[in-house]
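Me: Could you take me on a close look at the nonpolar core of this protein and what surrounds it? I would enjoy one connected walk through that part.

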Amino acid sequence: MHPSQQTTKTPLIAMMRSKQYTGDIARLLEARLHDPCRFLGPHVDGGRTYIRIFNPHARSATLMPGDTPLIPVGETGLFEWCGDEGDLVPPLYRIRWSDRAGGNHEQHDPYAFPRLLKHEDLWLFAQGTHHQ
């Protein structure tokens with residue numbers, strides 16, 4: 001399936017309708033999520049492929065290339081694309097978004113890039129013992 005053949009009802013949309021902001025969503029909206037890479041960007045979970053972005057200034061957003069719309073999750077600034085597992089997501093996709101004043105913008109998704117530091121390096125850095 002091509003990303004343009006998106007399912008319009010995503011798990012986040014269902015959660016929005018029930019007004020249940022739990023776990024990572026609640027922490028992200030409250031700016032308390034310590035590891036946004038765990039939630040934002042491309043992910044495979046439960047047999048589905050997801051791309052999630054957070055842009056509180058966006059009115060609409062599309063995945064580039066391909067002009068695939070990202071579904072807004074209410075007025076939260078979260079947008080999500082949901083496809084089947086195995087759907088190909090370009091490795092360095094871009095997000096085209098429109099702001100509330102009508103301006104158009106295009107940028108790379110910072111969460112689309114893989115981590116450069118290993119978990120051990122992050123742990124050593126946090127401990128203040130990461131020396132060369």
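Reply: Happy to. Let me begin with burial: a residue is called buried under 20% relative accessible area, exposed over 50%, and partly exposed in between, using a 1.4 Å probe and protein chains only. By that rule, 36% of the 132 residues of the protein count as buried. Please keep in mind that this is a predicted model, in which local features need pLDDT of at least 70, side-chain atom pairs count only at pLDDT 80 or more, and totals for chains, interfaces and linings use all residues. Residues are numbered from 1 along each chain as its sequence is written, and side-chain values use heavy atoms, with hydrogens and water left out.

The protein has three helices and seven strands, in the order α-α-β-β-β-β-β-β-β-α from the N terminus. These elements are DSSP runs numbered from the N terminus, helices being H or I with at least four residues and strands E with at least two. Counting a contact as heavy atoms within 4.5 Å, residues 24 or more positions apart account for 59% of the contacts with a separation of 6 or more.

On to the core itself. A nonpolar core is a set of buried Ala, Val, Leu, Ile, Met, Phe, Trp, Tyr and Cys residues joined through side-chain atoms within 4.5 Å. The largest one here has twelve residues: Ile51, Ile53, Ala58, Ala61, Leu63, Leu70, Phe79, Trp81, Tyr93, Ile95, Trp97 and Ala112. At least two residues of this core come from each of strand 2, strand 3 (58–64), strand 5 (78–84) and strand 6 (94–99). Strand 3 gives the largest share, three residues. A second, separate core of seven residues includes Ile25, Leu28, Leu33 and Leu78.

Leaving out residues up to four places away in sequence, Tyr93 touches Gly41, Pro42, Ile51, Leu63, Met64, His108, Asp109 and Ala112. Beyond its neighbours within four places in sequence, Pro42 is in contact with Tyr50, Ile51, Tyr93, Tyr111 and Ala112. Although Pro42 and Ala112 are 70 residues apart along the chain, their C-alpha atoms are separated by 6.2 Å.

Another of those partners, Met64, is joined to Pro65 by a cis peptide bond, with omega about 0°. Pro65 belongs to the loop between strand 3 and strand 4 (68–72). Asp67 is found in the loop between strand 3 and strand 4 too, and its phi is positive, near 50°, in a residue other than glycine. For comparison, most residues other than glycine have a negative phi, and most peptide bonds are trans. Asp67 is partly exposed, with a relative accessible area of 47%.

Arg52 lies in strand 2 (residues 48–54) and is buried, with a relative accessible area of 11%. The side chains of Arg52 and Glu80 are joined by a polar contact of 2.7 Å.

Methods:
A polar contact is a pair of N or O atoms within 3.5 Å; within protein, one must be able to donate a hydrogen and the other to accept it, and residues adjacent in sequence count only if both atoms are side-chain atoms.
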